[in-house]
Amino acid sequence: MGINMVSGLVLAVVFPSFILPYMGVDQGRWIKAMAVISLFAVAGTLIQYYFTKERVTEETQDQNMTASRNVSLRDQMKGCFSSKYWVITVVIIAVQFICTTGVGVNSMPYYAYWAVGTYNDCQTLSLLNIIGQAMLGPGVLIMWPLVRKIGKQKVFIIGGIIAAMGGFLGMLFATDLKMALVALTIRSIGALPYTYVLLSLLADALDHVEWKCGYRCDGFSSSVYSIMMTVSSGIGIGLINLGLTATGYIPPAADGTWVMQGQAVRDFLTFGTFGLPAVGTVINTILFFMFDLEKKLPGIHKDLAAKRADQSLSS
């Protein structure tokens, strides 16, 4: 299990069990907590910037000769959109970010407080995060061997079916904590390809773009990925707030008192936590049936290697 997964599990316990109950609905405490978290984030960013070393070898420099060419943004956009595999990959990433990360993850605290637990009970959200997503840690040990054995396309299709089953199971047993944990565990098993293999699809698609157009589009693609990752969170939170307003959500009072939410609110939060991620996974699974790039990659890589060898000799 990677160190980032360990820190994630620690935060999954500490934040909902201690920090979130401390903040409550007090604006001043929220500001203090966010200020401290921001200081840690800035410190971590500076440490990573100053102590991360980039390994560049002659081999990798030769392999990326075409990437260093001065290709205009317009040509990069044209090249990317000319590849159906790049377009499919970007759509898959966008759907995953919006449905699962943007809405699903941000709906989880509300779901824990109002649908399957009670407000600020310090336990339900921790259980959902730790037990429900525990398989994401050891799953890294089996993911890539499985990819090498049956291929990325099949792994994503099988994982998507499993994840969708977990989501729909959570919808059926929304108020049962034990069943919710089972549903999340099943979903996390199905989500393993998205956790560990998704970005490699973009690299494969960029190889196809280079093979088709003669140049790489890493800069434009990285920008698109960063934009989607940032914007999806805002879209997800916006959709959640819109749904809460439409269903009559009553926020806790400034003194900490609260009332039980109506059935419409609880149903919406259940859909946000389980339903929409399941729908997004179904959409992506359908798209993966059209993603047959993996079969063509050996030939693409052979052609690219020959082209790079010719360029190296000519230079």
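Rings of Phe, Tyr and Trp (its six-membered ring) pair if their centres lie within 6.5 Å; planes under 30 degrees apart count as stacked, over 60 as edge-to-face and the rest as tilted. This is a predicted model, where local features need pLDDT of at least 70, side-chain atom pairs count only at pLDDT 80 or more, and totals for chains, interfaces and linings use all residues. Residues are numbered from 1 along each chain as its sequence is written, and side-chain values use heavy atoms, with hydrogens and water left out.

Q: How many aromatic pairs does the structure hold?
A: The structure holds 17 aromatic pairs. One of them joins Tyr-113 and Tyr-119.

Q: What makes the pair of Tyr-113 and Tyr-119 edge-to-face?
A: The ring centres are 5.5 Å apart, and the limit is 6.5 Å, so the rings pair. The planes stand at 75°, over 60, so the pair is edge-to-face.

Q: Why is the pair of Tyr-119 and Trp-258 called tilted?
A: The centres are 6.2 Å apart, within the 6.5 Å limit.

Q: Which parts does the pair of Tyr-119 and Trp-258 tie together?
A: Tyr-119 lies in the loop between helix H5 (84-114) and helix H6 (124-130). Trp-258 lies in the loop between helix H12 (218-247) and helix H13 (263-288). The pair therefore ties together parts that are 139 residues apart in sequence. Helices here are DSSP runs (H or I, at least four residues), as are strands (E, at least two), numbered from the N terminus.

Q: Which residues do ring pairs link into a cluster with Tyr-119?
A: The cluster holds Tyr-110, Tyr-113, Trp-114, Tyr-119, Tyr-249 and Trp-258.

Q: What covers the buried residues of H12?
A: The cover includes helix H4 (73-81), H5, helix H11 (198-213) and H13. Among the buried residues of H12 are Phe-220, Val-224, Met-228 and Leu-244.

Q: What makes H4 roughly perpendicular to H12?
A: The two helices pack at about 75°, with axes 9 Å apart. Angles under 35 degrees count as roughly parallel, over 145 as roughly antiparallel, 65 to 115 as roughly perpendicular and the rest as oblique. H4 is therefore roughly perpendicular to H12. Axes are lines fitted to C-alpha atoms, for helices over the stretch in contact, and angles run from 0 to 180 degrees between N-to-C directions.

Q: Why is Gln-96 called buried?
A: Gln-96 has 10% relative accessibility, so Gln-96 counts as buried. Gln-96 is found in helix H5.

Key
Buried means under 20% relative accessible area, exposed over 50%, partly exposed in between (1.4 Å probe, protein chains only). Contact means heavy atoms within 4.5 Å.
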